Amino acid sequence: DPALYFAFDKPTRKTGNKILGMNIGISNEDTWADRSSILNNIVKYAKVMVEKGWKIVFVPVIPSDIDYTKEAVKLIGPKAEIFVDFSSIDKILSLYKNFDFFVGLKLHSVILAICSYTPSIMIEYRPKCLDFMMSMDMEKFNLRADKINVEKLLSLTEEINTDSFSIQDLITKKISHYKYLQNKYALKLTKDILYN
């Protein structure tokens, strides 16, 4: 994805802050699960994480996600909050750096998490989500929205928390490869424009 251009040059190792970044949102296009089903499962999962001592920070990607996200925060309780300054790419990436990991539905919420080398679980609502996770060799952390359940999310969470550094190393390798390709083809395009 072209948004990988925004990736930091190197990862910041996760230190166990017990801060979980999350994203949910609505789409005008068909999805594989209705919004109430997604909301219920995400809230149940978040409540389990709060009971384990985690803080939840929701990151919307567009204004229309905010009301839906507020529903989740209200149901989860005081250990959940919303980051509202999501129009600043620099502020979002700095925020993501502090998350131990990220669970997101909107494609670019997860891509920006990857740009900060934050291990992520994708809630796949359309095929483009799986496509991206496959391109990062992280498809095992992709969970279809219509198959989401708390047990599976907790299992993936445990795997990420156990192997965070290895996942960051994988992300580093993939980002380096894609940034190399971006630069290569940007240079070729520039030469084509200048000399043709």
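User: What radius of gyration does the protein chain have, and what value would a compact globule with 196 residues have?

Analyst: In this predicted model, the reference is a compact globule, which with 196 residues would have a radius of gyration near 16 Å. The C-alpha atoms fill a box of roughly 60 × 35 × 30 Å along the principal axes, and 45% of the residues count as buried. The computed value for the chain agrees with that of the globule, being 17 Å.

User: Which pattern of helices and strands does the protein chain follow along the sequence?

Analyst: The chain holds seven helices and six strands.

User: How far apart are the end C-alpha atoms of helix H7, and what span should its 32 residues have?

Analyst: Helix H7 covers residues 164-195, and at 1.5 Å a residue its 32 residues should span 46 Å. The distance between its end C-alpha atoms agrees with this expectation, at 46 Å.

User: Which helices do the buried residues of H7 pack against?

Analyst: The buried residues of H7 are Ser164, Ile167, Gln168, Ile171, Lys174, Ile175 and Lys179. An α-helix has 3.6 residues a turn, so residues three or four places apart point the same way. The packing partners of these buried residues are helix H4 (107-115), helix H5 (127-135) and helix H6 (150-162).

User: Which side chain of opposite charge is nearest to glutamate 124, and how far away is it?

Analyst: Glutamate 124 lies in strand E5 and is buried. Beyond its neighbours within four places in sequence, its contacts include Trp32, Asn142 and Arg144. Because a salt bridge requires a side-chain nitrogen of Lys or Arg within 4 Å of a carboxyl oxygen, glutamate 124 has none; the nearest oppositely charged side chain is arginine 144, 5.2 Å away.

Note on methods: Residues numbered from 1 in each chain as written. Predicted model: local features only at pLDDT ≥ 70, side-chain atom pairs only at ≥ 80, totals over all residues. Heavy atoms only, no water. Helix = DSSP H or I, 4+ residues; strand = E, 2+ residues; numbered from the N terminus. Expected span 1.5 Å × (residues − 1). Buried < 20%, exposed > 50% of the residue type's maximum accessible area, 1.4 Å probe, protein only. Contact = heavy atoms within 4.5 Å. Lys, Arg positive; Asp, Glu negative; His and termini not counted. Rg over C-alpha atoms; globule rule 2.2 N^0.38 Å.
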